[in-house]
Amino acid sequence: MHHATSPDPRHDGLVRVRGAREHNLKGVDVDIPRDVLAVFTGVSGSGKSSLAFGTIYAEAQRRYFESVAPYARRLIHQVGAPKIGEISGLPPAVSLQQSRSAPTSRSSVGTVTTLSNSLRMLFSRAGTYPEGAERLDSDAFSPNTAAGACPSCHGLGQVHRTTEELLVPDPSLTIREGAIAAWPGAWQGKNLRDVLDALGYEVDRPWRELTQADRDWILFTDEQPVVTVHPVRDAGRIHRPYQGTYMSANRYVLKTFSDSKSQSLRAKAEKFLESTPCPVCGGARLRTEALAVTFGGRTIAELAGVPLADLAALLATEAGTAEATETARVLTGDLRARIDTVTELGLGYLSLDRATPTLSAGELQRLRLATQLRSGLFGVVYVLDEPSAGLHPADTESLLTVLDRLKAAGNSVFVVEHHLDVMRHADWLVDVGPQAGEHGGRVLHSGPVDGLREVADSATARFLFDEEPAPERQVRTPTGWLKVGPVTRHNLRDVTAEFPLGAFTAVTGVSGSGKSTLIGEITEELDGVGRLVVVDQKPIGRTPRSNLATYTGLFDVVRKVFAATDEAKARGYGVGRFSFNVTGGRCETCQGEGFVSVELLFLPSTYTPCPDCGGARYNPETLEVTYRGRNIAEVLDLTVEAAAEFFEAASTETAAAARPVLRSLRTLLDVGLGYLRLGQPATELSGGEAQRIKLASELQRVRRGHTLYLLDEPTTGLHPADVEVLMRQLNGLVDAGNSVVVVEHDMTVVAGADWVVDMGPGGGTAGGRVVACGTPATVAADEESRTAPYLRRLLGS
C-alpha cells in the first residue's frame, strides 16, 4: 500500500505555518495540531497576535473571501495577503477579537446574541393578545423595524430636547458676546447674529434683559425667515449685502444631532440636549399594539429589562403552568437553552436591552462566544483574543468549560492569552518571544505545556511553573482616608466605601459586581483627592492620524530637531513642513495618512498603503532632509527603544532639543512599550497599550501636590512579566506620596496591594455591596468573599 506511507498532508491533523514574516515575525515555521485548545503566549508585542490573528486567521479569511466572491480577489490584492511562505492544513476560521468597532446605539445584548429574535417569536406566537386583536408578526415586536418602532421616538425610547438653560449657559452675556453657546462658531454663527440684528432683535443687550417672548422665538422658533443682511464693514474689505436665513438654536442643534456626519459636531450638539423618556411609549420603544401583548403578564419591553438569570427563571415558571401551550413550552425551552450559555460565562446580570456601547470589551467578546456555542459549527478554527480579559478567577473556570465544549464539538480553539490558568489548561502551547518587537518574533516552544519548563529564555516559563507563595510584604500606613458614597447607581444600593490615601488599593469582585460603578464615584470634588487622573483603555485616537508620537507630544520635538538642521534652514523648511497633518510637506495623495481607505460592499472598510508614498506620509522633497542619516519618515518608523538609542547618540549641538525627546521615550520604555514604533497609528494599538501610553504621559509630567490615579483593569493584555514592570511604576507613584486605586482580577496585583475592597458577592442584583475590605491577608480570610480562595492560594495561607 504505497499511499499509506505518504498520507495527504491536508489531513494529517496539523496546521503548518511556513516562513511567517507578518509584523515582527522572523520567518516563523510552526506546526499546531487541529482539534485542540492551543494557547499562544509571550510578552506584549512579542508577535503572538501577529501569528494567531495576523497570519493564521488572516490567511483563513483570505481563502474564504476567494471562495465566496470573485470581486473579493481584487480587494485581497489591494489589502495584501499576510506575509507567509505557505500554510497548509488550515480549516476555515472564525475570529472573536475584542472589537474596537463603535457599535450603534441600537445594538444591544439582545441583538448581539440574537436572543431578541427568540423572545419576539415567543410573543408573536404564544403571547396573550387583547380581546379581538390581530396576531402580530415577530417584526412588530422589534423597535428597530418600521412595523414595531414607536412612531413618536422612532424606536429609540428617548426624545431629545433642548432647554434655555442648556442653550444659554450665561445669561449675562449679549448675543454678540456669544450668549447662545449652542450656535456654530466662525462665519455661520456671525451670520445668524447679523440676521437677528436685521430682524430687529437686540443683539447688544444682556440676554437676561430680553423679554421671554423674544428669547423663546430666538431659541425655539420653527420659522426660517429670510432677510437682507448688510454686514458691518471690516477695514479694507468690501462686503456686499446678502440674503440670510434664520434658524433657531433648537432647530440647529436637533438638525446637527440627527444629520451631521461629523462625530465631533454631533458630540457638541449632544451637550445641548437632554434626553427624556418618550411621552408616547414611556421609553419602551414600541408601538402601542405591541405593548398590548403580554407573556406571563409582562410586556416584551419589561422582559427585556430583566437580568438574563432572572428572565430564565421567569420563563421556566411560566412554561410550567397549566395554561401554557405546547408552542409556549417549545419556544421557552429554546430561549432558556440560549440564555444558559450566556449565564454560564458569568453574564447573567446583563439584560437584553442593555446597549452594546456600555459593555466592556471582555463582556462583548464573551457574548459573541456564547452565541457561537449555539451556532453548532464544527471543523472550524476559533481564534480568540484574551477571552479571560475582565474575568474574575471564579468566572475563568466556566470560560474553560466553554472552550472545552467548542473543542468537543470538533473545532480547533486557538487562544491568545496571558492568564496562567488558561495556559495550564491548554493541550498545546505556542510561546513567542523572547521579548517584544525587534527582540521577539520567534517561536520558542510549540508543544505540550510541560515542555516549556526546559526553555531557558522564555519569559512565560518563569511564571507558569513558579510554585512559590507571594513574598511577605509590609503594607503601607495610610496618610489619610477617602470616603466615597453613599452611592445608589446600577446595582449599588446606598453603598459607602473607604480608600486609604498614600497607599495602593485594589478593588476586586466578579464581573458585574459593581466595581467600576463604585470607583466611577471618585471625583475631584471629594475631600482628599487633590488631582484625579483616570487612566482608561479607551483608544487614544480613532484615525491613523493620531499616533504614539503625536499623543505623547514627542512629535513636536522631533519636528523641531529636523527644522533645526542646516539642510532644512537652507531650504527654508519650518516646523510645519515636517507635519503630515498639513499641506506642504505631506504626500497629497493620501493627505499624510500613509493609507488610503478601500470601501467594500458587506465588508468593513480596509486601509491599504498609499500608492504614491508607500506609507511614508511625506512628499519626496521633505524626505530629502536628514538628521544623522535618517529622514523624518525613517525616524517615525523607529521603535521607541531604537529611537532612544538614536537620540541618546545625538551630538551635543542638538542635545538641548533632544533632551525632552529622551524623557518621553524613557517613560514609554518604563511602562514596557519599547517595541512600539513612534509613528504607529492609534488605530493599531490595543486597549492595554493605549492605557500604558496614557500612563507614560502622566509619568513624564512633574506633579506638585497629591494625585489620585484610577486604573480600570490595567493588566488586561499584559503578560505576567509586563505586569511586574507596571507594578513597579505604580508603586513608584505611591512611594512619591500619591494614591493609586485599581480595579483588578489579577491576584498577583491584589496580593501586592496595601488595601483591598472586595465587591459582590455575585454579579448584577446578586452583587453591589462591599463584602470585605482590609489588607490582602484580611480579605483572604473572609468566608463570604468569592475572591478570598484565589487570594489565599497565592498568599500561601
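The legends below describe close-up views of a predicted model. Residues are numbered from 1 along each chain as its sequence is written, and side-chain values use heavy atoms, with hydrogens and water left out.

**View A. Packing of helix α4 on helix α13.** Helix α4 (residues 115-126) packs against helix α13 (residues 326-344) at an angle of about 165°, and their axes are 10 Å apart. Helices (H or I, at least four residues) and strands (E, at least two) are DSSP runs numbered from the N terminus; axes are lines fitted to C-alpha atoms, for helices over the stretch in contact, and angles run from 0 to 180 degrees between N-to-C directions. The two helices are therefore roughly antiparallel (angles over 145 degrees). On the α4 side, the residues in contact (heavy atoms within 4.5 Å) include L115, L119 and L122; on the α13 side they include L331, L335 and I339.

View B. Six strands, with mixed pairing, follow the order β5-β10-β11-β3-β12-β13; two strands pair if DSSP finds at least two bridges between them. The edges are β5 (93-96) and β13 (442-447), each of which pairs on one side only. From one strand to the next, the twist averages 15°. Helix α14 (residues 361-375) packs on the sheet and touches β5 and β10 (381-385), its direction making about 150° with that of β5. Helix α15 (residues 393-408) lies across β3, β10 and β11, at about 145° to β11.

**View C. The β3 and β11 pair.** Strands β3 (residues 37-41) and β11 (residues 412-416) run parallel and are joined by four bridges. V39 stands opposite V415 in β11.

**View D. Two cis peptide bonds.** Most peptide bonds are trans. The bond from G485 to P486 is cis, with omega near 0°, and P486 is found in strand β14 (residues 480-489). The bond from G760 to P761 is also cis, with omega near 0°; P761 is in the loop between β24 (755-760) and β25 (769-774).

View E. Most residues other than glycine have a negative phi. H154 has a phi near 55° and is in the loop between α4 and β6 (158-161). R617 has a phi of about 80° and lies in the loop between β19 (606-609) and β20 (626-627). H154 is exposed, with a relative accessible area of 56%, whereas R617 is buried, at 6% (buried is under 20%, exposed over 50%, with a 1.4 Å probe and protein chains only).

Methods
Predicted model: local features only at pLDDT ≥ 70, side-chain atom pairs only at ≥ 80, totals over all residues. Parallel < 35°, antiparallel > 145°, perpendicular 65-115°, else oblique.
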